Amino acid sequence: SGGKASRETTVVVKYVWTGPDGSTLDTIVPGEAMDSGDKGTAKAMSVAFRIALLQALCLPTDDADPDSH
């Protein structure tokens with residue numbers, strides 16, 4: 001980004017989902033991001049949350065299958 005140095009941020013986040021009956025589901029997911037400013041951690045946390053939602057809750061997306069070609 002304009003010749004600025006970037007910093008890579010890697011996080012491992014544990015989310016605990018609690019159901020109405022008190023049962024829990026733990027998910028541990030990674031998140032990575034690169035940013036030349038101070039937003040790397042927030043971006044990595046956003047990636048981790050998206051991965052947790054997709055994997056733990058099996059939410060469908062409208063994205064094309066990346067392995068289709």
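This is a predicted model: local features need pLDDT of at least 70, side-chain atom pairs count only at pLDDT 80 or more; totals for chains, interfaces and linings use all residues.

Me: Which residue forms a salt bridge with aspartate 26?

Reply: The partner of aspartate 26 is lysine 14, with 3.7 Å between the closest N and O atoms. This pair links distant parts of the chain: aspartate 26 belongs to strand β2 (residues 24-35) and lysine 14 to strand β1 (residues 7-18), 12 residues apart.

Me: How should I read the accessibility of these two side chains?

Reply: Under 20% relative accessible area a residue is called buried, over 50% exposed, and in between partly exposed. Aspartate 26 has a value of 42%, so it is partly exposed. Lysine 14 has 52% and is therefore exposed.

Me: Which residue does aspartate 35 pair with, and is aspartate 35 buried or exposed?

Reply: Aspartate 35 forms a salt bridge with lysine 43, and their closest N and O atoms lie 2.7 Å apart. Aspartate 35 is buried, because its relative accessible area of 12% falls under 20%. Lysine 43, at 38%, is partly exposed.

Me: Where is lysine 43 found, and what does lysine 43 touch?

Reply: Lysine 43 is located in helix α1 (residues 40-57). Leaving aside residues up to four places away in sequence, lysine 43 touches Ala33, Met34 and Asp35. As for separation, lysine 43 and lysine 4 are 39 residues apart in sequence and 18 Å apart in space, C-alpha to C-alpha.

Me: Which side chains meet in the remaining salt bridge?

Reply: Lysine 39 and aspartate 38 meet at 2.9 Å, N to O. Lysine 39 is partly exposed at 47% relative accessible area, whereas aspartate 38 is exposed at 64%.

Me: Finally, is threonine 9 buried or exposed, and which residues does threonine 9 touch?

Reply: Threonine 9 lies in strand β1. Its relative accessibility is 14%, under the 20% limit, so threonine 9 counts as buried. Not counting residues up to four places away in sequence, threonine 9 touches Gly31, Glu32, Ala33, Gly40, Thr41 and Ala44.

How values were computed: Residues are numbered from 1 along each chain as its sequence is written. Side-chain values use heavy atoms; hydrogens and water are left out. A salt bridge is a side-chain nitrogen of Lys or Arg within 4 Å of a carboxyl oxygen of Asp or Glu. Helices (H or I, at least four residues) and strands (E, at least two) are DSSP runs, numbered from the N terminus. Buried means under 20% relative accessible area, exposed over 50%, partly exposed in between (1.4 Å probe, protein chains only). Contact means heavy atoms within 4.5 Å.
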